[in-house]
Amino acid sequence: MPPIPGSGLAKGLAVTLRTMTKRSHTAQYPEVQPELPPRSRGVIGLFEENCTVCMLCARECPDWCIYIDSHKETVPAAAPGGRERSRNVLDRFAIDFSLCMYCGICIEVCPFDALFWSPEFEYAETDIHELTHERDKLREWMWTVPAPPALDPAAEEPKEIAAARKAVEKAETAAAAAAAAAAAEANPDTTAPDPAPEGDA
């Protein structure tokens with residue numbers, strides 16, 4: 001059935017009339033801060049202590065807006081006769097937010113939980129070159145990252161927590177068995193009584 005001529009105009013006018021009867025609501029920003037959803041994508045915070053300079057975030061970034069510089073340091077052997085090791089030390093970690101498209105791939109691929117979403121959104125600049133924020137600024141934004149939501153009570157226990165709990169229970173069982181064995185060796189008199197003769201009933 002072909003559309004009735006002028007039906008689109010009538011629908012548009014109906015929307016206009018409904019909107020005219022509603023009272024407008026003005027957000028008093030910046031005096032009143034908006035209530036953002038808990039999973040808002042504002043900026044990316046850096047937890048520098050967890051970064052191992054694996055470069056995975058920079059390689060996976062579609063916009064190539066992450067800049068990382070590092071150098072290697074030699075770590076002395078932990079035990080006498082051991083071998084020295086080398087580790088990467090982070091020198092620079094910067095994100096160009098004029099290129100970032102907020103896809104979150106860098107946060108998802110980070111295997112060491114060094115990058116997090118922050119709801120902070122007030123970082124506008126008058127010069128586009130100043131939108132490249134260094135690691136000091138990214139670290140400040142880390143403290144605005146909200147706490148993770150509580151787990152669903154009906155959800156399965158995370159495998160990391162389950163493995164840690166089993167390891168603790170195993171260690172406690174082994175410690176209890178060792179303590180019992182040590183107590184039995186210290187008190188050899190507390191042995192089990194001899195079984196009764198077969199003739200006694």
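Where is the place of Val 53? Select Val 53 to begin: the residue sits in the loop between β1 and α2 (56–60). Please bear in mind throughout that this is a predicted model.

**First stop: two positive phi values**

With Val 53 selected, inspect the backbone. Its phi is near 55°, a positive value in a residue other than glycine. Then display the surface around this residue. Val 53 counts as buried because its relative accessibility is 7%, and the cut-off for buried is under 20%.

Next, select Asp 113, in the loop between α3 and β4. Here too the backbone deserves attention: Asp 113 is not a glycine, yet its phi is positive, at about 55°. Is Asp 113 buried or partly exposed? At 48% relative accessibility, Asp 113 counts as partly exposed, since that class lies between the 20% and 50% limits.

**Second stop: the loop between α1 and β1**

Move to the loop between α1 (7–20) and β1 (43–46), and select Leu 36 within it. Pro 30 is found in the loop between α1 and β1 as well. Select Pro 30 together with Tyr 29 and examine the peptide bond that joins them: this bond is cis, with omega about 10°.

Now turn to the largest pocket, whose volume is about 650 Å³. Its lining comprises 19 residues. To find the centre, select Arg 39, Ile 107, Phe 116, Trp 117 and Val 145, the lining residues that lie nearest to it. Then colour α3 (105–109) and β4 (115–118), the elements that give two or more residues to this lining. Which of the elements gives the most to the lining? That element is β4, with 4 residues.

Finally, colour the lining of the largest pocket by residue class. The lining divides into 12 nonpolar, 3 polar and 4 charged residues.

Conventions. Residues are numbered from 1 along each chain as its sequence is written. This is a predicted model: local features need pLDDT of at least 70, side-chain atom pairs count only at pLDDT 80 or more; totals for chains, interfaces and linings use all residues. Side-chain values use heavy atoms; hydrogens and water are left out. On a 1 Å grid over the protein atoms alone, a cavity is a set of points where a 1.4 Å probe fits but cannot get out, and a pocket is an open set with protein on both sides within 12 Å along at least five of seven lines; lining residues have an atom within 4 Å of a point. Grid points are joined across faces, edges and corners, and a volume is the space filled by probe spheres set on the points. Ala, Val, Leu, Ile, Met, Phe, Trp, Tyr, Cys and Pro count as nonpolar, Asp, Glu, Lys and Arg as charged, and the others, Gly among them, as polar. Buried means under 20% relative accessible area, exposed over 50%, partly exposed in between (1.4 Å probe, protein chains only).
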